[in-house]
Amino acid sequence: MFMILGYPAPLMFGQLLLGLINGAFYALLSLGLAVIFGMLNIVNFAHGAFFMLGAFVAWGLLEFLGVNYWFALLLAPVIVGIFGILLEKTLISRLYKLDHLYGLLLTFGMALIIEGLARNQFGSSGMPYRIPAILQGATNVGFMFLPNYRAWVVVASAIMCLVTWLIIEKTSIGATLRAATENAPLVQAFGINVPRMITLTYAGGVALAAFAGVLAAPIYSVNPNMGANFIITVFAVVVIGGMGSILGSIVTGFGLGIVEGLTKVFYPQGSATVIFVVMVIVLLVRPAGLFGKAA
Amino acid sequence: MKLSRRTLLGTAAAATLPATARAQAASIKIGVLTDLSGPYQDLAGTLAVASAQMAVDEFAAKGFKVEVISADHQNKPDVGASIARQWCDQGGVDLITEVANSGVSLAVAGVAKEKNKAYLPCGPATSDLTGTACTPNTIHWVYDTYMLARSTGGAMAKAGGDTWFFITADYAFGHALTRDTTGFIEAAGGKVLGGVKTPFPGTTDFSSYLVQAQASGAKVIGLANAGSDTVNCIKQAKEFGIKQKLGGLLVFLTDVHALGLDICQGLLLTESFYWDLNDGTRKFSERLKARAPSKRPTMVQAGTYSAVLHYLKTVNAMGAAEAKKDGVVTINHMKAMPTEDDCFGKGTIRTDGRKLHPSYLFEVKKPSESKYAWDYYKLIATTPADQAFRPLAEGNCPFIKA
């Protein structure tokens, strides 16, 4: 058996893979944040709450309506997305002309309220949510037993990231969107309904968070704090990747998952802090983030 | 001096003033400091506050008023200590109780001692509360890491679990639990092969640690954590098909409820209270149902009831005004009186502040064995009160030696 840095190679490969799986969640969540920030200029602190809502909607669909995981994966993002539209129309749309700070405060307040209500209703230990039958069990990939469900998480997340990136960078809708962020009045002059477009973009970002929430439901306990645990890390990912950069958030999400995974082997106590150490270093060397354009 | 009717009335009024002041001073205020928003909310939290209130309502104090207030310590020792300090300085609080989270509870123990108030921790686990960090103001009520280590750890070591790997929550509680369990493993001739310390709070993915534990080849993976950390560990161990035995060193009823019996079945765990243990515990749980219909109490919530009840009995015996004056005197009175309630039966309190009662080793039932809602445990073994906890001489409690 050969060794890597004093650890048996199979163990290291296993840890790299686990890091990648966590990275898949970071990538999906930071992608939604980047889309919203890039297009709306809103720092969406309620993102973790929408992630949690996605998981709870999936749980509720199964518990009360008998809707299975696969339909929940489609339905939960739509339901949470509609909720996002409501919030955007009633609250967030009032803030576009103001400083970033107002959006940050508003969405942070929304997150506290949503999470508080969920805690009040469901307590903190969480709800059980089973892995769908077809993805149960694990496969021996040589160096470790990889649960089938985790493999699916990486695949689903990678596909979702790719699709989002393609839509924004390669389609005409995406081009209009990007144009609208640069110069909204001009795009509006071409007869395009910019406010509606912005609302739908917000809904899309929120739906991405809910999608990640459904993916997470069978792995972590479905509990009201699940989003709060993720969101701070995800913000660090977005900052490291470069605020608003789609590609940056995807690459950094997966990359930092791996960095964190390795820290869990060498110095577990530091695994909660390592991403912030990276953030500090990146901000010192490249203040706009790894993939961000200097303002 | 001419004595007019007016001055006479005035003097009479002035003379009654100290009397009213005394009557006001004789109202007792109980502060339930707990986790109302974090991972321990379900096992303590609002139901612990309700249990304290129920003790007050049932006792129906004669001759003095009792008020229960509560606050969220957010699992931060600094937040908990400053709430406790404010309660003592301005809030007129006489008793601080519950305080799930060992780190917070150690900080509050210092405040209670400094302000000379009564302190009855129910939720925290660390055995240091009656060991190196003991104070004459503290009675540690429900359970501690030594009790858990002896019962669950001892039983698993006896059943052939002689090599261990620990997944430890990186703060006072996890460290104490790992230390105490290691003592029992080594005494039984076993060995600890390794361990990881995981950041608390904020760790949700334990797969990396579980795979490390698997690679260590240890027969038992000791989970020195609690609440949603334990829930996530057990859930993910199942997902990764980990064959080693899981030593859930602190598992609460609410954790089993959250995981479901199909995942938890066969798990060994130790508690000092289970709602369906005997007639007393069932009666208590039935009464508490009026306050939270869909829930059953954990040992922490039952303990809060028991602790507050015994405190009120003591206050009644010594007089409220007397009890307010000096926390240490009140605590000494409590230690001198035997305890009795529906939750823990008859018990005593040792001089170092350790409340003594039996501990119970349970096994989680198979789904097919569970006949009704919350029917989760079957009793495997009982450790009598005089053996369940660390002997007085081994605790190194500073004020006992002095």
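**Exercise 1.** At roughly what angle do the axes of helix α5 (residues 148-170) of chain A and helix α8 (residues 194-216) of chain A cross, and within what distance do they come?

*Solution.* The model is predicted. Start with the distance: the two axes come within 11 Å. Then take the angle: they cross at roughly 170°. Angles over 145 degrees count as roughly antiparallel. The crossing therefore makes α5(A) roughly antiparallel to α8(A).

**Exercise 2.** Identify the residues that make this helix contact, then sort them by class.

*Solution.* Take α5(A) to begin with. Its side of the contact consists of Y149(A), W152(A), V153(A), A156(A), M160(A) and T164(A). Now turn to α8(A), which contributes L208(A), F211(A), V214(A) and L215(A). Sorting by class gives 9 nonpolar residues and 1 polar residue. No charged residues take part.

**Exercise 3.** Describe the fold content of chain A and decide whether the chain is as compact as a globular protein of its length.

*Solution.* Count the elements: chain A has 11 helices and 4 strands. For the outline, the C-alpha atoms fill a box of roughly 65 × 50 × 35 Å along the principal axes.

**Exercise 4.** Characterise the burial, contacts and surface of chain A.

*Solution.* Burial: 53% of the 295 residues are buried. Contacts: among those with a separation of 6 or more, 76% join residues 24 or more positions apart. Surface: chain A exposes about 13000 Å², with 72% of that area supplied by carbon and sulfur atoms.

How values were computed:
Residues are numbered from 1 along each chain as its sequence is written. Chains are lettered from A and ligands numbered from 1 in the order in which they are written. This is a predicted model: local features need pLDDT of at least 70, side-chain atom pairs count only at pLDDT 80 or more; totals for chains, interfaces and linings use all residues. Side-chain values use heavy atoms; hydrogens and water are left out. Axes are lines fitted to C-alpha atoms, for helices over the stretch in contact, and angles run from 0 to 180 degrees between N-to-C directions. Helices (H or I, at least four residues) and strands (E, at least two) are DSSP runs, numbered from the N terminus. Angles under 35 degrees count as roughly parallel, over 145 as roughly antiparallel, 65 to 115 as roughly perpendicular and the rest as oblique. Contact means heavy atoms within 4.5 Å. Ala, Val, Leu, Ile, Met, Phe, Trp, Tyr, Cys and Pro count as nonpolar, Asp, Glu, Lys and Arg as charged, and the others, Gly among them, as polar. The radius of gyration is taken over C-alpha atoms; the globule rule is 2.2 Å times the number of residues to the power 0.38. Buried means under 20% relative accessible area, exposed over 50%, partly exposed in between (1.4 Å probe, protein chains only). Accessible areas come from the Shrake-Rupley method with a 1.4 Å probe; for residues, only the protein chains shown count as cover.
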